[in-house]
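User: I have not worked with this protein before. Could you take me through its structure?

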Amino acid sequence: MTTTLTEPRRPQKTSEREGQGPSRRTGRRRNWAGGLAGWLWLVVVAVPLYWTLITSFKAQNRYYASNPLVPSGDPTLENYRLVVESGFLRYFVNSVLVTAGAVVPAVLFSFMAAYAIVRGWRMRVLRAMNGLFLMGLAIPLQATVIPVYLIIIKLRLYDSLPALILPSIAFAIPLSVLVLSNFIRDVPKELFDSMRVDGAGEWTTLWRLAAPLTRPAILTVSIFNALTIWNGFLLPLILTQSPDRRTLPLALWTFQGEYGVNVPAVLAAVVLTTLPVLVLYAFGRRQLLSGLTAGFSR
């Protein structure tokens, strides 16, 4: 009887350099061009903001004699006091009324329209309405200035806040319907079927199922439309005339004409006008970005 001894095979070890070398080299590879471009863009954005802020605290008689990028050694709030006493609070209230009066009905109507389009997609009428909303995205505001002006004159709403609210609602609806409809399509159909089995009607399903599940989209379109309407300049310029009906962007333009030489006062008005927008964007930035992208990620 012959016994054959075989040497056990040893597992081949892969050297760390062969197995991990490429991954390490890939992990250590840095995008220097992208980082440099990011820093350059940060400088381009931050320097004007920094200059605007420090200049708003400078006195008028020291502005031209000082370095524009060096903060004042004796900062003053005189520019802000001058802007507030020039009717800034009235313009601020007008902007709030126009923004809230346009955003709330636009979002409500867009949400109900998006729900009807998604749930009744087989109906030709609803498909045609969806096509009209999509066509509204292709029509710029500047192309409709004259028709909107004539309609407002016919309705006898010229030089009033409703003259700014109604067109703002119309231009906010198309994008809002598009975003909200994409979110409602992501809601599982089984949830709607279960609500129908439980005896819930369309109205109940709309507010008790679709509304809570699409709350991120509702907040997204609300923030986006609020920022757009707040910064609107063309409609207030065309559809208003009296100073009591001015909004903040239009009032800022009049500040520039009234204080053409007083640059610190103009920049103080810029800071006060931009501050509400920055606060709103700071609280809703993450919600705004995630809401605009999540509905199109399918």
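Predicted model: local features only at pLDDT ≥ 70, side-chain atom pairs only at ≥ 80, totals over all residues.

User: How many helices and strands does the protein have?

Analyst: The protein has 13 helices and zero strands. Read from the N terminus, its elements are accordingly α-α-α-α-α-α-α-α-α-α-α-α-α.

User: What percentage of the residues count as buried?

Analyst: Of the 298 residues of the protein, 34% count as buried. As for contacts with a separation of 6 or more, 74% of them join residues 24 or more positions apart.

User: Where does UniProt place the transmembrane region feature?

Analyst: The UniProt record, an unreviewed entry, places "transmembrane region" at residues 32-53, 91-118, 130-152, 164-184, 217-239 and 259-283.

User: How much helix is there in residues 130-152, and how far apart are the ends?

Analyst: That span is 70% helix and 0% strand, and its end C-alpha atoms lie 26 Å apart. For residues 217-239, the figures are 87% helix and 0% strand, with 31 Å between the end C-alpha atoms.

User: Which residues of helix 2 are buried?

Analyst: The buried residues of helix 2 are T52, I54 and T55.

User: And which residues are buried in helix 10?

Analyst: In helix 10 the buried residues are A217, I218, T220, V221, S222, I223, N225, A226, L227, I229 and W230. Helix 10 has 16 residues and reaches 22 Å from its first C-alpha to its last, close to the 22 Å expected.

User: At what angle do helix 4 and helix 10 pack?

Analyst: They pack at an angle of about 145 degrees, with their axes 9 Å apart, and the crossing is right-handed. Helix 4 contributes F92, S95, V96, V98, T99, A102, V103, V107 and F111 to the contact, while helix 10 contributes I218, V221, S222, N225, A226, I229 and W230.

User: What about the largest nonpolar core: which residues have the most contacts inside it?

Analyst: F111, L180 and L239 have the most contacts inside this core, which has 39 residues. At least two core residues come from each of helix 4, helix 6, helix 7, helix 8, helix 9, helix 10 and helix 11. Helix 7 gives the largest share, 11 residues.

User: Which residues does F111 touch?

Analyst: Not counting residues up to four places away in sequence, F111 touches L180, I184, L206, W207, A210, A211, T214 and I218.

User: Why does L166 count as partly exposed?

Analyst: L166 counts as partly exposed because its relative accessibility is 43%, which falls between the cut-offs of 20% and 50%. This residue is found in helix 7.

User: How far is L166 from A102?

Analyst: The C-alpha atoms of L166 and A102 are separated by 7.0 Å, although the two residues are 64 residues apart along the chain.

Terms used:
Residues numbered from 1 in each chain as written. Heavy atoms only, no water. Buried < 20%, exposed > 50% of the residue type's maximum accessible area, 1.4 Å probe, protein only. Helix = DSSP H or I, 4+ residues; strand = E, 2+ residues; numbered from the N terminus. Core = buried A, V, L, I, M, F, W, Y, C linked by side-chain atoms within 4.5 Å. Contact = heavy atoms within 4.5 Å. UniProt positions renumbered as here; feature names shortened; annotations may be inferred. Axes fitted to C-alpha atoms, helices over the stretch in contact; angles between N-to-C directions. Left-handed = near helix turned anticlockwise from the far one by under 90°. Expected span 1.5 Å × (residues − 1).
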